[in-house]
Amino acid sequence: MIDTIATVESNLELTPGYKLLTLNFKEAIAAKAGQFAMLKAHDTFEPLLRRALAIYRIENSNQLSFLYQVLGRGTQMLSHLDSGGKVDILLPLGNCWLDEPLQKTGLGSKALVVAGGIGSASVYLLCQELQRRQIETQIFFGAANRKVATGCGLDDFKKLALPITLTTDDGSLGERGFVTAPLEKFLREGKGENATIYTCGPWVMMKRVAEIAEGFAIKCLASLEAPMGCGFGVCVGCVVAIKDADAKSYQAYQRVCTDGSIFPAEIIRWEVTAMAH
Ligand SMILES: Cc1cc2nc3c(=O)[nH]c(=O)nc-3n(C[C@H](O)[C@H](O)[C@H](O)COP(=O)(O)OP(=O)(O)OC[C@H]3O[C@@H](n4cnc5c(N)ncnc54)[C@H](O)[C@@H]3O)c2cc1C
Ligand code: FES
């Protein structure tokens, strides 16, 4: 884990409200698919706490990119940074999609990657790595509309040349509707044998993906989002409820930052959202 100040190489607007931030580091960063960073614009007191962003692309060992949606104070401050600007950053954090213990039963022969909205940021490196390992991969990429899909890195995903099923809520690109519909259809057609589902997106979407996976008895890993204070396990602000009938109080919770952010979907109590604590 490195706590450092990185320099902005570029901060490009992909579509209004969605940006790609590329940072240069003095030191080499060893990051893996699924990990994240805590970052904030340097030299600003407000906001005090850093914000969590997935490591989207590794340009080289000294240069990483982050794809982000401009929402509130933290991401707005980041969005104002130009080339040469400074960012306070802590990384790499969290577990990795393809490492033990998440893959304790081994990698499936097939990967189904389900990305919803800006959740795409957490799975781009995963898709690259699956491709490198020659694992048959099908991407399901859902967004609210065509513009949001562009903001969520669709062009990068297309360049991977992996099979991709697109959905938009308004039908402006790909199939109209939620991304979970073609996933379910795919599995109903019997194409999910020995597959693992990897998902990141809005809580309701992942909840549905988890239900579908359970229905077809398919292993499913989900990268969760929770508002984070520290990012390294100290503040307990990021906990999620897990299924553990025997556990008492805190034991029935796990920290998204250090126990995750990726969890086996079947252990999450999806009816209790991360925002509800
Ligand atoms: C492990 C992890 C990885 C993430 N990766 C990315 C990423 O790659 N790209 C990206 O754009 N975002 C990502 N997020 C979400 C991102 O951290 C929040 O959008 C960000 O903290 C918002 O900060 P803000 O100061 O802009 O907004 P704030 O002022 O803090 O919040 C504005 C509004 O955004 C919503 N919000 C805030 N935090 C979250 C959250 N964690 N989840 C859902 N809604 C939230 C709330 O409705 C809030 O009212 C990730 C979160 C986690 C935990
Ligand atoms: S963010 Fe502080 S414990 Fe997870």
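I looked up D156 and R57 and found both of them buried. The model is a predicted one. The side chains of D156 and R57 meet in a salt bridge, with N to O at 2.8 Å. This pair links distant parts of the chain: D156 belongs to helix α4 (residues 154–159) and R57 to strand β5 (residues 57–60), 99 residues apart.

I then checked R57 for another partner. E59 forms a salt bridge with R57, and the closest N and O atoms are 2.8 Å apart. R57 has a relative accessible area of 18%, which is under the 20% limit, so I list R57 as buried. E59, at 32%, is partly exposed.

I counted the salt bridges in the structure and got 14. One of them joins E189 to K185, with 3.3 Å between the closest N and O atoms. Here I noted E189 as partly exposed, with a relative accessible area of 42%, and K185 as partly exposed, at 47%. I also noted a network of salt bridges that links E184, K207, R208 and E211.

Next entry: ligand 1. I found 21 residues around ligand 1, of which R51, A52, G74, T75 and E225 come nearest. For contacts to oxygen atoms of the ligand, I recorded these:

- The side chain of T75 has an N or O atom 2.3 Å from an oxygen atom of ligand 1.
- R51 places a polar side-chain atom 2.6 Å from an oxygen atom of ligand 1.
- G72 uses a backbone N or O atom, 2.8 Å from an oxygen atom of ligand 1.

Ligand 1 taken alone exposes 880 Å², and the protein buries 74% of that. Two or more residues of the shell come from each of β4 (51–54), β6 (63–69) and α1 (73–79). The largest share, four residues, is that of β4.

I turned to the surface. M1, F232 and V234 make a nonpolar patch of about 340 Å². M1 sits in the segment before β1 (2–15). The relative accessible area of M1 is 64%, and because exposed means over 50%, I list M1 as exposed.

Last, I looked up E129, which lies in helix α2 (residues 120–132). E129 is buried, with a relative accessible area of 18%. From E129 to V240 I get 28 Å in space, C-alpha to C-alpha, and 111 residues in sequence.

Note on methods:
Residues numbered from 1 in each chain as written. Chains lettered and ligands numbered in written order. Predicted model: local features only at pLDDT ≥ 70, side-chain atom pairs only at ≥ 80, totals over all residues. Heavy atoms only, no water. Near = heavy atom within 4 Å. Polar contact = N/O pair within 3.5 Å; in protein donor to acceptor, adjacent residues only side chain to side chain. Areas by Shrake-Rupley, 256 points an atom, 1.4 Å probe, with all protein chains shown as cover. Patch = residues over 30% accessible without salt bridge, like charges linked within 9 Å, V, L, I, M, F, W, Y side chains within 5 Å. Salt bridge = Lys/Arg side-chain N within 4 Å of Asp/Glu carboxyl O. Buried < 20%, exposed > 50% of the residue type's maximum accessible area, 1.4 Å probe, protein only.
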